[in-house]
Amino acid sequence: MPIPGSGLAKGLAVTLRTMTKRSHTAQYPEVQPELPPRSRGVIGLFEENCTVCMLCARECPDWCIYIDSHKETVPAAAPGGRERSRNVLDRFAIDFSLCMYCGICIEVCPFDALFWSPEFEYAETDIHELTHERDKLREWMWTVPAPPALDPAAEEPKEIAAARKAVEKAEAAAAARAAAAAAPAADAEPGTGPGAPGPGSGTPDTPAGGPA
Amino acid sequence: MNDVLDVALRLIVVFAVFLVLPLVVGQTEHKVMAHMQGRLGPMYAGGFHGWAQLVADGVKFAQKEDIVPAGADRRIFQLAPAVALLPYLLVLVAVPIGPGEGAVGQVIDAGLFFVLAVMGVGVLGSLMAGWASANKFSLLGGLRTAAQLLAYELPMLLAAASVAMAAGTVSLPGIVEAFEWWWLPWQIVGGLVFFTAGLAELQRPPFDMPVADSEIIFGAYTEYTGLRFALFLLAEYAGIVVLCALTTVLFLGGWHGPFGADGLGWVWTLLKTAILAFVVIWLRVSYPRLREDQLQKLAWTTLIPLALAQIALTGIVKVAIQ
C-alpha cells in the first residue's frame, strides 16, 4: 500500500522538476524557428522549366493557379525541316489566399518547375497582395533549400539506379567483346565464334548493350 | 510632534510594503507558474523578463470603465473591494518582522486576536460582492465563500490558539520572543493546519471553489471590472503575504534564524515569508481544484481533529515542562 500523501508529494515533485528544466516556449519574432526540410512555406516557380502544360492549374483543388500563355513559331532548325510551335509563358500566379498548401501542383509538375520553400513570412494587409505573380514566384526559388540527403540505409534513387544499371551493362558488354576478341587470337581458330565482333555491334548475349 | 511623525512614518512604510510585496508575489507567481508549466511567462513588459507586467496590468485595469450592473445594490457593490482589501492592510500593521519596537507597525497586546479577527473581515468583502451583484453566479460564489469561511476559520483559530498556549501570550512579538527551535517539530501539525486553512480562506487553488471559473465564471467577482476587480485581485495577493507572514511569525520563529547578527532578524522573516509564498504558488500549480464537498470534508474531518489534537499535545507538553 502506498504511503498516504505520496501522490501529493509526487505532484509537487513533477512541477518542481519542470521548473528546473528549460521551457519550451518558441520566442518566434526574436528567434526564427528551425523548420524541418520540406517545410511547406511558399511555392516557388522555376519558370525556365515550365512548358505551360497546365497540369498544375488543372490539378489544383482550389483553382488558385492562374496561367496565361501564347504560342510562338520557331523556324526550322535545318533547311527543309518543319517549323515548330512553342508555348511561351505570359502569366503565372498563385493566389495564396486560396491555396491550401496541399502540394499537388508540385507533385504533378512533370518538368520540376514548382518547389516548396520554407519561407512563411509573407502576410499582407490586403488580400489581393497574396496573389504572387510570376516574378515574385521566381524570387521564392532563391529560398528553396537543397534537397536533404537520403537516410543512410535508404533505397537508391531511381534515376541513379537506372544510370548505374546502364553503365554496368555497357561494361559487361565491353568485357564480353574483349573476351570474344581475345579467344580467337589465342586459339588461332577464326570463324568458330558466334560471329566476329565488329566495331559498334553488340554480342548476341548482350542485346541491349551499348554506350551508356 | 515627534509622535505624529513616528506614526506617519510607520504607516507609510507599512503602506509601501502593502503595495509592493503583493506585486512581487504576483510577478513571482507569473514566472514560477510559467516555468513549472514549461513556459516563459511574461517577457515583454518592462524589457527585462517582463518585470513590469503587473504595472502594465494595473494601467490596463485603471483605464477600464467601472460598471455597476443595473440590478446591483450600488453602494454595497462599490464598497465590497475596499472591505476585501483593507483588512489585510490592518493586519500588516500588527505583524512584527524583527525584534524590538522599530520592526513592527504597532505592538498590539492581543495581537493574535486582532489579526485573526480582522482577517475574517476580509472574507466579508467577497460575501458583500456576491450578494450585491444581482447575479446568480456571484450569489453562488458568495455562498460558497461563506461556507468555506465557516469551515476553515475554526481550524485556523484552533491552530493559532495552540501557539498562543505554547507561548503563554497572544502578543505576536511575544510569541516570536518565546520561540525555541524545538517548537518547530512540536507545533508542526498546527502549522500545517494553519497554513492550509489560511489558503482555503484566501480561496487560493486548490481551495478556489468559490471562484471556480469553469462552473460559476468568477464567483463573487463575476460582475466586477476595472479598478475594483484589480482591488479584489490585489486583496488575494495581499492575503498571501499576510498569511505567509503570519505563519512565519507563529510557527517558524519569525526573526529567529540558525545564524545571523541581531540586526538581520527582518531578513529571516522576509526570507521565510518568501519561501512560504513560493509554496503557495507551487501548490496552486500542482493540484487541481477540490470539489465543494471534498473541501468541506477536508476541513471538518481532517483539519479540525488535527488542530484539536495539536492543542491537546501542546497542553500536555506545556504541563510536562513546567
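User: How does α3(B) cross α10(B), left-handed or right-handed?

Analyst: This is a predicted model. To read a crossing, look at how the near helix is turned from the far one. Here, α3(B) passes α10(B) in a left-handed crossing.

User: Which residues of α3(B) and α10(B) make the contact?

Analyst: From α3(B) come B:Pro81, B:Ala84, B:Leu85, B:Tyr88, B:Val91 and B:Leu92. From α10(B) come B:Arg228, B:Leu231, B:Phe232, B:Leu234, B:Ala235, B:Ala238, B:Gly239 and B:Val242. Sort them by class: twelve are nonpolar, one is polar and one is charged.

User: At what angle do helix α3 and helix α10 of chain B pack, and how far apart are their axes?

Analyst: Helix α3 covers residues 74-94 of chain B, and helix α10 covers residues 226-251. They pack at an angle of about 30°. Their axes are 8 Å apart.

User: Now a single residue. Where is B:Ala94 found?

Analyst: B:Ala94 is in helix α3 of chain B.

User: Does B:Ala94 count as buried or exposed?

Analyst: Count the C-beta neighbours. A residue is buried if 20 or more other C-beta atoms lie within 10 Å of its own. B:Ala94 has 23 C-beta neighbours inside 10 Å, so B:Ala94 counts as buried.

User: How many of the 322 residues of chain B count as buried?

Analyst: The share is 45%.

User: Why does the radius of gyration of chain B agree with a compact globule?

Analyst: Compare the value with the rule. With 322 residues, a compact globule would have a radius of gyration near 20 Å. Chain B has 20 Å, so the two agree. For the extents, the C-alpha trace spans about 65 × 50 × 45 Å along its principal axes.

User: How many residues of chain B are in contact with chain A?

Analyst: Eleven residues of chain B are in contact with eight residues of chain A. On the chain B side, α1 (2-36) and α11 (265-286) each supply at least two residues. By class, that side divides into six nonpolar, four polar and one charged.

Definitions and conventions:
Residues are numbered from 1 along each chain as its sequence is written. Chains are lettered from A and ligands numbered from 1 in the order in which they are written. This is a predicted model: local features need pLDDT of at least 70, side-chain atom pairs count only at pLDDT 80 or more; totals for chains, interfaces and linings use all residues. Axes are lines fitted to C-alpha atoms, for helices over the stretch in contact, and angles run from 0 to 180 degrees between N-to-C directions. Helices (H or I, at least four residues) and strands (E, at least two) are DSSP runs, numbered from the N terminus. Two residues are in contact if their C-beta atoms, placed from the backbone, lie within 7 Å. Ala, Val, Leu, Ile, Met, Phe, Trp, Tyr, Cys and Pro count as nonpolar, Asp, Glu, Lys and Arg as charged, and the others, Gly among them, as polar. A residue is buried if 20 or more other C-beta atoms lie within 10 Å of its own, exposed if 12 or fewer, and partly exposed in between; C-beta atoms are placed from the backbone. The radius of gyration is taken over C-alpha atoms; the globule rule is 2.2 Å times the number of residues to the power 0.38.
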